[in-house]
Amino acid sequence: MSHPGERDGSWTLLTRHGHVLVEIARNPRARIRDISAAAGITERTAQAIVADLEAAGYLTRTRTGRRTRYTVNLDSSFRHPAQEGLRVGPFLAVLAASGDAAEPGPAAAPAHHDRAGPGTPGPGGSR
């Protein structure tokens with residue numbers, strides 16, 4: 001999948017891993033299909049990226065029945081040397097909050113980022 005403008009050789013500031021992490025920060029109960037649609041990637045790619053992020057310690061997955069809930073580790077550090085010592089929490093607070101003004105972003109959520117509120121689907125629901 002591609003976003004408008006990608007076909008003409010333009011690029012985006014965030015990597016696919018960044019887009020997936022921001023979407024999970026916005027909606028910890030998102031399904032892989034929701035994450036992939038938001039990031040403009042296939043479900044298979046989204047699943048692989050989620051596995052990468054989990055292996056690197058950026059998030060954990062918890063199964064509750066048939067649903068998966070993600071918990072973002074806001075204290076994780078950026079991987080690139082240019083951002084050495086910086087944490088992803090403040091970055092995600094800005095980007096996740098900008099997606100939906102009615103829904104609080106990570107800055108308003110508990111440090112473990114386990115929140116439920118307006119716009120957060122219940123079991124079997126979608127965004």
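## Questions about helices, a core and a pocket

User: Ile 24 is found in helix H1. Is Ile 24 buried or exposed in this model?

Analyst: Keep in mind that the model is predicted. A residue counts as buried when its relative accessible area is under 20%. Ile 24 has a relative accessible area of 0%, so Ile 24 is buried.

User: Which residues touch the most other members of the largest nonpolar core?

Analyst: This core has 22 residues. In soluble globular proteins, nonpolar side chains tend to be buried together. Here, the members that touch the most others are Val 20, Ile 24, Ile 35 and Leu 92.

User: Which element gives the most residues to this core?

Analyst: At least two core residues come from each of H1 (16-26), H2 (32-39), H3 (43-55), strand S2 (67-72) and H4 (88-98). The top contribution is five residues, and it comes from helix H1.

User: Let's look at the chain as a whole. In what order do its elements run from the N terminus on?

Analyst: The protein chain has four helices and two strands. Read from the N terminus on, the order of these elements is α-α-α-β-β-α.

User: What share of the residues in the protein chain is buried?

Analyst: To be buried, a residue needs a relative accessible area under 20%. The chain has 127 residues, and the buried share of them is 35%.

User: Now to helix H2. Which elements do its buried residues pack against?

Analyst: The buried residues in H2 are Ile 32, Asp 34, Ile 35, Ser 36 and Ala 39. An α-helix has 3.6 residues a turn, so residues three or four places apart point the same way. The buried residues of H2 pack against H1, H3 and S2.

User: Which residue just after H2 takes a positive phi?

Analyst: Look at the place where H2 has just ended. There, a phi of about 70 degrees belongs to Gly 40.

User: Is His 17 buried, partly exposed or exposed?

Analyst: His 17 is found in helix H1. Partly exposed lies between the 20% limit for buried and the 50% limit for exposed. The relative accessibility of His 17 is 31%, so this residue counts as partly exposed.

User: Leaving aside neighbours within four places in sequence, which residues does His 17 contact?

Analyst: His 17 and Ile 49 are 32 residues apart in sequence, with their C-alpha atoms 6.0 Å apart in space. Beyond its neighbours within four places, the contacts of His 17 are Ile 49, Asp 52 and Leu 53.

User: Which residues are closest to the centre of the largest pocket?

Analyst: The largest pocket has a volume of about 440 Å³. It is lined by 18 residues, and the closest to its centre are Thr 15, His 17, Gly 18, Tyr 58 and Phe 78.

User: Which element supplies the largest share of that pocket's lining?

Analyst: By class, the lining has 11 nonpolar, five polar and two charged residues. Elements giving two or more residues to the lining are H1, H3 and H4. The largest share is four residues, and it comes from H1.

User: How far apart in space are Ala 56 and Arg 79, C-alpha to C-alpha?

Analyst: Ala 56 sits in the loop between H3 and strand S1 (59-64). In sequence, Ala 56 and Arg 79 are 23 residues apart. In space, their C-alpha to C-alpha distance is 9.4 Å.

Methods: Residues numbered from 1 in each chain as written. Predicted model: local features only at pLDDT ≥ 70, side-chain atom pairs only at ≥ 80, totals over all residues. Heavy atoms only, no water. Core = buried A, V, L, I, M, F, W, Y, C linked by side-chain atoms within 4.5 Å. Buried < 20%, exposed > 50% of the residue type's maximum accessible area, 1.4 Å probe, protein only. 1 Å grid on protein atoms, 1.4 Å probe; cavity = no way out; pocket = protein on both sides within 12 Å on 5 of 7 lines; lining within 4 Å. Points joined across faces, edges and corners; volume = space filled by probe spheres on them. Nonpolar A, V, L, I, M, F, W, Y, C, P; charged D, E, K, R; others polar. Contact = heavy atoms within 4.5 Å.
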